Structure formats: C-alpha cells, structure tokens
Amino acid sequence: MNRPKVVLTHWVHPEIVELLREKADVVVNPDRKTLPREVLLKRAKEADALMAFMPDCIDEAFLKACPKLKVIGAALKGYDNFDVNACTRQGVWLTIAPDLLTIPTAELTVGLVLAVTRNMLAGDNHVRSGQFRGWRPELYGLGLYRRTAGIVGMGAVGKAVAERLRAFGMNLLYADQAFLPVEEEERLGLTRTTFSQLLNSSDIVIPLLPLTDQTYHLFDRKTLAEMKRGSYLVNACRGSVVDELAVVDALEKGHLAGYGADVFEMEDWIRPDRPRSIPTALLNNTAQTFFTPHLGSAVDDIRTEIERYCAMSILQALAGEIPDGKVNDIR
C-alpha cells in the first residue's frame, strides 16, 4: 500500500519529522531558509499533505498545481497568507494551531513595550561603543507604572498582554467590536472604550488584530495623528495593520515617541503590492525604534508543540478524520 507523502516547507524539529514518518513519507527542508515558490511547487505537486509556515502563500493557483493535496497543516495562528475559500473549493483541509502561540506572543509584546519605552537599544549601543563611563543623567524613558496602555483587539493574545501589563500597575483600555463580560474586564483591570478615545488617552497603543481588509493600514497618518503626542506604538500582530511610512513621518515630526515591532509589511505575502523591505528611515532610526525578527512564538519548546499539533492534525486528515485546528469544512 502506498504511503502518503507529506512535504515540510521549512525546518522542523527532528522528533516531529520522526512522528510523521511513522505514517508517511516525509520530504524535509533541511535548511532554515524559505524555499522559492517554484521549488516548493515542484516538491509538493505529488504531496498528500503540506506542513506550512508563516512565509508560505497558498492560493488557488498553488492548490491547482497540487491536485493530490488533502490537508495543509499550518504551524501558525494568523492565516491571512492562506486562501481559505480556495482550500475549501479544492477539497483541502486547512488547519492552524489556535492556542499555543498566545503566551509567547504576549511575552514578546511586553518585551517590546519595555525595550522601546526604556531606550534599551540605545542603551545597549552606548555600552558597546566603549564610551560608557558610568551613570549619567541620560536616556530617560517612560515608566509603565500608572501609565495607560490601549489594546486594540481583545482576543486571546490581547487578554494575555493585559494580564501581564496589569502587573506593572498600568491603567488598561481596550477597543473591540465585542464586549467582554464584566467579570472578565474586572479580572484583567480593563476599561472598554471607543477606538478614538483609546488613541487620545493612551501612552502606549498596542494593536492585536488579524490582517483583514478592515484592519489593513488601520494605523495610518490620520490614526497616528489622533494618538497622544509623545506616545508609543507597539506592533506584534501583522505588519500591514500599520502604515510604516506613516510611522516614519510621525517619528520624525516628534508626534510618536517610539515604535516597537516584531512584524513588518514586507512579510504579508498575500499582498501583491507589499513593500519588499522595511523602510530605510525606520531601520536607521535607532533612537526611537526597537525591532525583533518575528520572534513572537520563537520559544523552542513552544515551537515543538506547535509542530506536533500541526503534525497530528495532518495525520488525522490523512486517516479520514476531521482534523483538530480546522479553519474550513470540506465534509
């Protein structure tokens, strides 16, 4: 009996590869680089399953070129790079890991908040420059105690961020289309407000939203102008929720005090018009920015569990079962 073929688009922990090999033939990507689309298509054209990752953009053309595909197990939470409707039309399950990324992403978000408000990059550079001779009255930043953070989007990550920022003694606002139960607001120390009021009142604004037509460039020149002068913006959701060129302008004019990000517009492969690089003016502005290379879920044991969850959903689908973490229904 022929064993199913599973293609891994990126490097995966060896124990997860062995888990899949118990039931399938596995084509690995031993490198840590993203494969060019044409190379991936060549590998996947006879595949029954695909374990995919953030840099992969799966559209209808890709699916039609891989007619044997039964399931795409995406080792991620935000799936805007995957055409769900096309998967459904082609009879392909799409699964994600809905919960495992929440805590590490929240931790990284808090790290960005601390780094950008307390001038940690500038401080690190100063120490390494050889010019540091001991304490001086310089690089004063913004403390979190009694400051106001505004969280836009109160899903699982939003709640986890709120829980952690509350420990710093912050006042916490949130804006979301949905209302949290009163007891949940009280537990997290949250006050619900309008988006506009949140912008006007917050010292630090943190969008935690999926990328959709409605959230694309939600933080543009107009929105940034509504934020308090001297406030900070921290983005750990999707790059294109923020207009990076508008951020450059707001920083240069002194309206924004700082910008921290773990995600960038160039990563949103589903956008045909996406920029191909981070604006040079952002990269050069080391005094007001702090960036990390999409480290939200980059915790080794968590990544292993995400891959394991993804592998199990693939094996479930290949066995004719309804896979865990499904985001579409092909029954």
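How many bridges join strand β1 to strand β3? The count is 3, and the two strands run parallel. β1 spans residues 5–8 and β3 spans residues 49–52.

## About the model

This is a predicted model, in which local features need pLDDT of at least 70, side-chain atom pairs count only at pLDDT 80 or more, and totals for chains, interfaces and linings use all residues. Residues are numbered from 1 along each chain as its sequence is written, and side-chain values use heavy atoms, with hydrogens and water left out.

Helices (H or I, at least four residues) and strands (E, at least two) are DSSP runs, numbered from the N terminus.

## The five-strand sheet

β1 and β3 belong to an open sheet of 5 strands. Its order is β2-β1-β3-β4-β5, and the pairing is parallel. Two strands pair if DSSP finds at least two bridges between them.

β2 (25–27) and β5 (93–95) stand at the edges. Each has a single partner strand, so one side of each is left without a neighbour in the sheet. On average, neighbouring strands are turned by 15° against each other, direction ignored.

## The seven-strand sheet

Another open sheet has 7 strands. Read across, they run β8-β7-β6-β9-β10-β11-β12, with parallel pairing. Here the edge strands are β8 (190–192) and β12 (289–291), and each pairs on one side only. The twist averages 20° from one strand to the next.

Look at β9 (residues 204–207) and β10 (residues 231–235). They run parallel and are joined by 2 bridges. V205 has L233 in β10 as its bridge partner. Helix α5 packs on this sheet and touches β9, β10, β11 (256–261) and β12. The direction of α5 makes about 145° with that of β10. Angles run from 0 to 180 degrees between N-to-C directions; axes are lines fitted to C-alpha atoms, for helices over the stretch in contact.

## Helix α5 meets helix α7

Helix α5 covers residues 102–117, and helix α7 covers residues 156–166. Their axes come within 9 Å and cross at roughly 50°. α5 and α7 are therefore oblique to each other. Angles under 35 degrees count as roughly parallel, over 145 as roughly antiparallel, 65 to 115 as roughly perpendicular and the rest as oblique. The crossing is right-handed, meaning that the near helix is turned clockwise from the far one by less than a right angle.

Which residues of α5 touch α7? They are T102, I103, T105, A106, E107, T109 and V110. On the α7 side are A156, V157, A160, V161, R164 and L165. Contact means heavy atoms within 4.5 Å. The residues of this contact divide into 8 nonpolar, 3 polar and 2 charged. Ala, Val, Leu, Ile, Met, Phe, Trp, Tyr, Cys and Pro count as nonpolar, Asp, Glu, Lys and Arg as charged, and the others, Gly among them, as polar.

## Helix α1 meets helix α13

Helix α1 (residues 14–21) packs with helix α13 (residues 300–318) at an angle of about 10°. Their axes are 9 Å apart. α1 and α13 are therefore roughly parallel to each other.

α1 brings E15, I16, L19 and L20 to the contact. α13 brings T304, E307, R308, A311, M312, I314 and L315. By class, the contact has 7 nonpolar, 1 polar and 3 charged residues.

## Domains from the record

An unreviewed UniProt entry annotates residues 6–328 as "domain: D-isomer specific 2-hydroxyacid dehydrogenase catalytic". Over residues 6–328 the chain is 36% helix and 15% strand. UniProt (unreviewed entry) also places "domain: D-isomer specific 2-hydroxyacid dehydrogenase NAD-binding" at residues 110–296. Over residues 110–296, the end C-alpha atoms are 11 Å apart. Such annotations may be inferred rather than shown by experiment.
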